[in-house]
Amino acid sequence: MRWAHRPFQFLVSAVISARCDARRGLAVALGSVSLCLGVPLKEEEVAAKSENNKKRNKKKKQKKNQQKVKEEEAKNIGRRRRKKKQKAEGVKEEEREIAGDDESCREVQVAATGKAMEECELERRWRRKREEAGEMLEAMSGVALFNLAPNLSVSRLCLGTMTFGEQNTLSDSYRLLDQAFHAGINFFDSAEMYPVPQRPATCGRSEEYLARWIKQRHIPRDRLVIATKVAGPSAQMTWIRGGPKCLDAANITQAIDDSLLRMQMDYIDLYQIHWPDRYVPMFGEIEYDPVRQYFSISIEEQLEALSTAVKAGKASGSIRYIGLSNETPYGLMKFIHVAEKYASHLKIVSLQNSYSLLCRTFDSAMAECCHQESVSLLAYSPLAMGILSGKYFSSDGGPTNARLNLFKGRYAEGDSRYNLSNKFIREATMEYLNIAKKYGLHPVSLAIAFVLRHPLVASVIFGATKSWQLREVLNACKIELTSEVIEEINMIHSRFPNPCP
Ligand SMILES: *[C@@H]1O[C@H](CO)[C@@H](O)[C@H](O)[C@H]1NC(C)=O
Ligand SMILES: *[C@@H]1O[C@H](CO)[C@@H](O)[C@H](O)[C@H]1NC(C)=O
Ligand SMILES: *[C@@H]1O[C@H](CO)[C@@H](O)[C@H](O)[C@H]1NC(C)=O
């Protein structure tokens, strides 16, 4: 868990530095702040002896010299350690910052201790708050973290905010966000076009509710990873930049500024292109039709606009990392190649595509691209819009306030991709529900755990409109699917491959 993680990190860095000092023949006071202070060098020791009986001020002067030598040595150690650490795989950015500082080792260590203490205090305060809220139990469950990029640690569950402002009121949203955060979720995903089904009156509310919660709860901004998206071209959402027409530099910049303004934030952690500015089979389509290609903005221009925003700094609002969504292998590779061509252009860190028991299309070509290029999958619709919970399969067709019932006929993606009249979707789902029953698993646990175990998945993006739904998803973190269960799942998959592509 994050809270316990920091002091541990510090301890690890202390042990590493202790070892590296020992090798250089310096005395090391283990466990103390003076970890990096060495004993005097030999010639100075001799000098110190002969000076022993002289006046105090002379001693002082000598001490000062020793200090200088120590500081020099410490500086060198700091430099060497930095080099070593930068090489070491998987070293946390924060550690690098502490160990690689050019200040004297002692100063660095003191600063590190100060920082750790500050962290501890913050942690204590937060723990007290959580205890007050009586939600310690939930916090105990913990959600693991994943290093999506240097200095970008995301929880393996990400709360999607697509329902905030339509199915969920502001206070509903606060409750869900509180519950998620207290359970260890630090990762929240939104989009300029949310909530869904999209309409002019509600557009932007999801971002706004998320931002109001952060402000209202006084959550330190760096405790959160906020992701949002710019809408690709769409003829129907005329209320977004009159189209939105395209992803040219002006539209991307405008979208970033608008999101930052709505969220009253200095920066967005992960900014994603919601869907490509070019024809691609999407939201349930599987076959590419060359005739449908249309004029689109070059990936060079899109990437340049995003890269510029990343470097813009706080003054004009900025983004930290960039990702793609609803992309194809071609698109992902193209973005990566363009980034390689121009040193000023940023590399994509994540791909947000659909992945679930009912949609494993990622595994065919995209998985290879992501693996080879170190791009992580942020898997959306892990429950196939709730279908995999089994709620739509009761004799009455499920709760009337469930999304696919509530928005029937006015939610294009729901109606086509997650079409409950499609017999393959129904039959495949029934089979997965049977597996869950046979092994005594909650269907939600089965579905979420299946996605979480994928080696390329950084985080699973899920939605919840009720607290108990969120709890079911959190529970999935505690289970691990056996090879027997996986084998059964794979048998169903070969009979019904990707009914919700
Ligand atoms: C890490 O990210 C935070 C923003 O979340 C930023 O304030 C901080 O300066 C970053 N640290 C480094 C070492 O880049
Ligand atoms: C978005 O792109 C369209 C088409 O190029 C352009 O007419 C419009 O001015 C752009 N909108 C913004 C806000 O820059
Ligand atoms: C849903 O599936 C049924 C049965 O296959 C089909 O007739 C209908 O057109 C589909 N609806 C949509 C919106 O794709």
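Helices (H or I, at least four residues) and strands (E, at least two) are DSSP runs, numbered from the N terminus. This is a predicted model: local features need pLDDT of at least 70, side-chain atom pairs count only at pLDDT 80 or more, and totals for chains, interfaces and linings use all residues. Residues are numbered from 1 along each chain as its sequence is written, while chains are lettered from A and ligands numbered from 1 in the order in which they are written.

**Exercise 1. State how many helices and strands the protein has, and what share of its residues is buried.**

Step 1. There are 18 helices and 10 strands.

Step 2. Apply the burial cut-offs: buried means 20 or more other C-beta atoms within 10 Å of the residue's own, exposed 12 or fewer, partly exposed in between, with C-beta atoms placed from the backbone. Of the 501 residues, 38% are buried.

**Exercise 2. Describe how H8 packs on H9.**

Step 1. Take H8 (residues 205-216) and H9 (residues 249-263): their axes come within 8 Å and cross at roughly 40 degrees. Axes are lines fitted to C-alpha atoms, for helices over the stretch in contact, and angles run from 0 to 180 degrees between N-to-C directions.

Step 2. H8 is therefore oblique to H9. The classes are roughly parallel under 35 degrees, roughly antiparallel over 145, roughly perpendicular from 65 to 115, and oblique for the rest.

Step 3. List the contacts (C-beta atoms, placed from the backbone, within 7 Å). Glu-207, Glu-208, Leu-210 and Ala-211 of H8 meet Ser-259, Arg-262 and Met-263 of H9.

Step 4. Sort these residues: three are nonpolar, one polar and three charged. Ala, Val, Leu, Ile, Met, Phe, Trp, Tyr, Cys and Pro count as nonpolar, Asp, Glu, Lys and Arg as charged, and the others, Gly among them, as polar.

**Exercise 3. Determine how far H16 is enclosed, and what covers its buried residues.**

Step 1. In H16 (residues 443-452), 10 of the 10 residues are buried, so the helix is largely enclosed by the rest of the structure. Among them are Pro-443, Phe-450 and Leu-452.

Step 2. The cover includes strand S9 (376-380), helix H15 (423-438), strand S10 (457-462), helix H17 (467-476) and helix H18 (483-495).

**Exercise 4. Name the residues around ligand 2 and ligand 3, then class them.**

Step 1. Around ligand 2 (C-beta atom, placed from the backbone, within 6 Å) are Arg-241, Lys-245, Cys-246, Asp-248, Ala-250, Asn-251 and Gln-254. Two are nonpolar, two polar and three charged.

Step 2. Asp-415, Ser-416, Asn-419, Ser-421 and Asn-422 surround ligand 3. This shell has no nonpolar, four polar and one charged residues.

Definitions and conventions: Two residues are in contact if their C-beta atoms, placed from the backbone, lie within 7 Å.
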